[in-house]
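Reader: Could you walk me through how to read strand pairing and helix packing in a model like this one? I would like the general idea and then the case at hand.

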Amino acid sequence: MILLSEVKVYAHRGASGYALENTWTAFLKACEFGVGIELDVQITKDGVVVVYHDNNLRRLTGVNASIETLAYEEIKDLRVGRIWMRNFQSHQMPLAYEVFQWAKKKKIPLNVELKESFAKNPKGPQILAAMLEGMDDIHLSSFNSQLLKEMKKLMPSTEMAWIIKKNVQVAHIKEMDWVDSIHLHKRILDKSLWAEIQKLNKKVRLYGVLGSESLMNRLDPQMVGVITNYPDRVKRKIASPLIMG
């Protein structure tokens with residue numbers, strides 16, 4: 001049996017159901033909801049850490065280039081936005097350090113997802129570890145398990161969460177002593193996969209959740225967090241009394 005109130009909610013890329021992903025507007029909205037924040041970090045060619053999801057800038061800036069190939073001076077004035085969005089507003093790409101310090105001051109839990117630019121920058125892990133020194137209530141996540149291994153060496157007391165894909169051999173996680181928890185999308189969660197995950201006895205966070213799914217009524221004690229574009233909806237859902245595991 002699990003108390004829903006024990007499940008921590010994280011706003012996916014900020015409250016991205018209500019504001020443009022990974023922008024200050026999305027982060028401030030998440031803060032209004034009183035939840036944690038999941039955000040994506042990239043590193044530029046000259047070692048500046050920014051908050052942005054895609055490896056390529058084209059989708060939100062119109063510039064067809066990968067972040068790790070450009071210096072910060074080349075991207076700092078780019079306007080981020082989607083011209084097809086109603087009430088279009090452009091945003092500036094946030095500096096990760098500023099977001100980290102703001103979250104620390106506000107005591108906002110963070111799920112920091114490392115993107116592939118960190119695997120391509122030899123100094124990337126060290127730069128990020130230095131920036132996160134002294135931060136409370138954070139965990140790092142990535143699809144790249146080897147990148148998490150490198151971060152674990154630098155930050156041994158920090159939780160490392162491996163984001164798994166469909167058809168991953170879950171049993172191999174037993175050999176990855178640097179992996180503390182597992183993140184997965186709700187669409188790949190089935191009974192057989194969940195049975196394998198339960199054997200590992202590791203914490204789990206589910207993403208892609210809207211708040212209305214039937215699985216929200218039967219969460220397992222291993223499920224410690226939910227990552228969602230609509231944190232207000234999920235927060236209302238978890239205000240319910242009890243959930244049977």
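Author: Gladly! Let's begin with pairing: two strands pair if DSSP finds at least two bridges between them. This is a predicted model, and here strand β3 (residues 36-43) is joined to β7 by 5 bridges, the two strands running parallel. Within that pairing, valine 41 stands opposite leucine 114 of β7.

Reader: Which strand do 4 bridges join to β7, and how do the two run?

Author: That is strand β8 (residues 138-142), and β7 and β8 run parallel. Glutamate 113 has serine 141 of β8 as its bridge partner.

Reader: Why is β7 described as largely enclosed by the rest of the structure?

Author: Buried means under 20% relative accessible area. In β7 (residues 110-114), 5 of the 5 residues are buried, so the strand is largely enclosed by the rest of the structure. Leu110, Val112 and Leu114 point one way, Asn111 and Glu113 point the other way, and all are buried.

Reader: Now the helices, please. How should I read the packing of α6 and α7?

Author: Two packed helices are described by the angle between their axes and the distance between the axes. For helix α6 (residues 124-132) and helix α7 (residues 145-154), the axes come within 10 Å and cross at roughly 50°. The two helices are therefore oblique to each other, and α6 passes α7 in a right-handed crossing.

Reader: Which residues make the contact?

Author: From α6 they are Pro125, Gln126, Leu128 and Ala129, and from α7 Leu147, Glu150, Met151 and Leu154. By type, the residues of this contact divide into 6 nonpolar, 1 polar and 1 charged.

Technical notes: Residues are numbered from 1 along each chain as its sequence is written. This is a predicted model: local features need pLDDT of at least 70, side-chain atom pairs count only at pLDDT 80 or more; totals for chains, interfaces and linings use all residues. Side-chain values use heavy atoms; hydrogens and water are left out. Buried means under 20% relative accessible area, exposed over 50%, partly exposed in between (1.4 Å probe, protein chains only). Axes are lines fitted to C-alpha atoms, for helices over the stretch in contact, and angles run from 0 to 180 degrees between N-to-C directions. Angles under 35 degrees count as roughly parallel, over 145 as roughly antiparallel, 65 to 115 as roughly perpendicular and the rest as oblique. A crossing is left-handed if the near helix is turned anticlockwise from the far one by less than a right angle, and right-handed if clockwise. Contact means heavy atoms within 4.5 Å. Ala, Val, Leu, Ile, Met, Phe, Trp, Tyr, Cys and Pro count as nonpolar, Asp, Glu, Lys and Arg as charged, and the others, Gly among them, as polar.
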